[in-house]
Amino acid sequence: MVRAGHALTASVSAILALSHGSVHAASTAPGTDTSVTMRWVDLREDNPSAETLRTLWSDRLEIATRRWLKTPSHGKPLPAYTLVHVFAFGERPVLVSILFNMYDCELPGNGAGADLFARCPMRIVAGGAGPARITQVARACHLYVPEPANTTEGPDPRQNKTRVSLDPGGTLHLRVVQHGRAVPSCDLDLRLE
Amino acid sequence: MKPFAIPRLRSRWCQAWLLWPAMAMAAIVTAQQVADAVRNSPAASTFLRTHAEAIGVLAIKVESGGDTTAYNGTCCYGVLQLNTTNIIAAGYTVAQYRNAGLQEQVDAWSRIQSRALDDPVIRRLQAMTSFDGQPVDAPFLLACVQLGQGNCRTMVESGTCAGFRDRNGKTICEMAATMRAAVGGGTPPGSPGGSGGPGGTARGGGAFSPGTGTTPGTAFEYASGLGMGDAANAIKLMAGALLLLWLAWTSKATWGRFVCGRVLPQDMTTTVLRAAGVALVALLLIS
């Protein structure tokens with residue numbers, strides 16, 4: 001765990017304001033599944049959520065954008081997204097965000113037999129009294145599929161998702177469900193200080 | 001019966017017409033068109049452009065059969081079967097990508113794969129001449145990024161081809177071998193030989209294009225995705241079937257006229273003999 005520095009510290013309060021109306025308390029009943037599906041945010045959008053999350057990932061996005069612009073992009077901005085969720089851990093809000101773009105993630109393969117999840121950087125911001133703390137994970141599984149345009153085709157979002165939970169002991173649990181089945185190689189259990 | 005039959009026929013025609021838009025959307029392209037699209041792609045790295053022919057083979061022989069609207073039922077779309085996750089990473093929605101033309105699909109694929117080819121594990125592989133008895137050539141590297149750079153790393157770190165298998169049990173080495181065999185430049189593992197056929201090299205070098213020395217049969221197969229023999233058989237089969245259908249149709253009509261007394265018995269005998277001859281020709285074509 002590292003202390004938040006530079007622009008991150010300044011933006012943490014704004015980031016944590018995202019929690020308004022969507023906070024989940026850490027589980028109080030051990031053994032029960034209180035995990036939630038992480039919300040998908042398009043970082044190209046012009047709204048407060050996207051703006052504050054862009055600040056959280058500004059260092060990575062700057063480098064990725066430079067790489068994106070090396071090849072003709074026809075004026076399109078770098079496609080960048082994040083899966084996000086905010087927990088209430090006692091008095092402290094805890095934000096979990098997994099960045100997704102082609103330069104920061106290890107993308108899955110293509111064709112029959114390919115997995116759907118990527119491995120991307122994750123940041124956990126813990127607010128509360130005193131300076132915010134940010135924990136970074138180099139590679140966390142990231143799985144998000146949109147609602148298919150054609151309802152008879154495409155991976156089912158209900159069967160393919162990234163879920164997260166925070167237990168009362170302060171351990172974050174990340175789980176990925178692919179084609180309705182858990183992916184054990186994606187399990188991540190991270191004790192937050 | 002007549003008033004019923006006509007609406008039913010009309011209904012069937014209506015259904016057939018409804019299928020036309022779907023049929024029109026299914027754009028089938030050749031390996032050569034895919035290769036040209038790779039060469040024309042501003043997003044393609046030098047490696048991808050150099051091995052554009054191999055990517056054409058990958059599209060036709062391994063992934064989609066050349067159908068730009070293909071969906072494999074689990075994850076992947078388009079002529080090069082780009083993963084849903086990678087489609088999003090490239091900045092498309094699935095619907096946009098699936099309805100995109102060949103060049104746009106190839107551009108998105110090239111951007112993703114050019115990035116994957118930058119991975120240190122691919123550079124490490126490029127420095128090798130062989131891996132677990134397999135040549136590290138263009139098909140091998142392409143198979144590596146097509147099945148995922150992370151999976152490629154898993155295989156390389158294991159030291160064996162079996163170190164990574166996809167959800168269908170396929171290894172990167174097997175996919176590379178399929179691509180080599182498709183161009184006629186080698187044989188899959190376990191097959192006898194392996195010294196290479198016309199136009200390609202089985203081991204090392206990375207030379208992987210039909211180029212000079214390609215037989216007309218190989219060139220035909222490369223461009224159409226279908227062997228000359230297979231194409232000939234398909235044409236014969238269709239001709240035979242059409243002949244039999246025509247024969248059945250005319251025989252039914254002649255029998256009706258015979259039953260009504262409008263065809264003399266001696267003429268009927270001649271007709272039957274002729275029909276038998278035509279049937280024999282049709283059966284020869286089919287066999």
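Gln81(B) counts as buried, because its relative accessibility is 2% and burial here means under 20%. The model is predicted. The place of Gln81(B) in chain B is a loop, the one between strand E1 (76-77) and strand E2 (82-83). Its backbone deserves a look. Phi of Gln81(B) is near 50 degrees, which is a positive value in a residue other than glycine.

Asp132(B) sits between strand E3 (130-131) and strand E4 (134-135). Phi of Asp132(B) is also positive, near 50 degrees, and this residue too is other than glycine. Is Asp132(B) buried or partly exposed? Its relative accessibility is 41%, so Asp132(B) counts as partly exposed. That value falls between the 20% limit for buried and the 50% limit for exposed. Gln81(B), by contrast, is buried at 2%.

Now step back to the chains. Chain B holds 14 helices and 4 strands. It has 287 residues, and 43% of them are buried. Its accessible surface is about 14500 Å², with 63% belonging to carbon and sulfur atoms. Take the contacts in chain B between residues at least 6 apart in sequence: 55% of these join residues at least 24 apart.

Chain A has its own make-up. Its secondary structure consists of 3 helices and 12 strands. It has 193 residues, of which 52% are buried. The accessible surface of chain A is about 8900 Å², and carbon and sulfur atoms account for 53% of it. Among chain A contacts between residues at least 6 apart in sequence, 57% link residues at least 24 apart.

Return to chain B and its helices. Two packed helices are described by the angle between their axes and the distance between the axes. Start with helix H2 (residues 31-40) and helix H7 of chain B: their axes come within 9 Å and cross at roughly 60 degrees. H2(B) and H7(B) are therefore oblique to each other. The crossing of H2(B) and H7(B) is right-handed.

Which residues in H2(B) and H7(B) meet? From H2(B) come Gln33(B), Val34(B), Ala37(B), Val38(B) and Asn40(B). From H7(B) come Leu102(B), Gln103(B) and Val106(B). By class, this contact has 5 nonpolar and 3 polar residues, with no charged ones.

H7(B) spans residues 102-117, and Gln105(B) is found in it. Gln105(B) counts as buried because its relative accessibility is 0%. What is Gln105(B) in contact with, leaving aside its neighbours within four places in sequence? The partners are Thr68(B), Gly78(B), Val79(B), Tyr97(B), Arg98(B) and Ala100(B).

Thr178(B) belongs to helix H11 (residues 172-183). Its relative accessible area is 31%, so Thr178(B) is partly exposed. Thr178(B) and Ala143(B) are 35 residues apart along the chain, and 9.7 Å separates their C-alpha atoms.

Note on methods:
Residues numbered from 1 in each chain as written. Chains lettered and ligands numbered in written order. Predicted model: local features only at pLDDT ≥ 70, side-chain atom pairs only at ≥ 80, totals over all residues. Heavy atoms only, no water. Helix = DSSP H or I, 4+ residues; strand = E, 2+ residues; numbered from the N terminus. Buried < 20%, exposed > 50% of the residue type's maximum accessible area, 1.4 Å probe, protein only. Contact = heavy atoms within 4.5 Å. Axes fitted to C-alpha atoms, helices over the stretch in contact; angles between N-to-C directions. Parallel < 35°, antiparallel > 145°, perpendicular 65-115°, else oblique. Left-handed = near helix turned anticlockwise from the far one by under 90°. Nonpolar A, V, L, I, M, F, W, Y, C, P; charged D, E, K, R; others polar. Areas by Shrake-Rupley, 256 points an atom, 1.4 Å probe, with all protein chains shown as cover.
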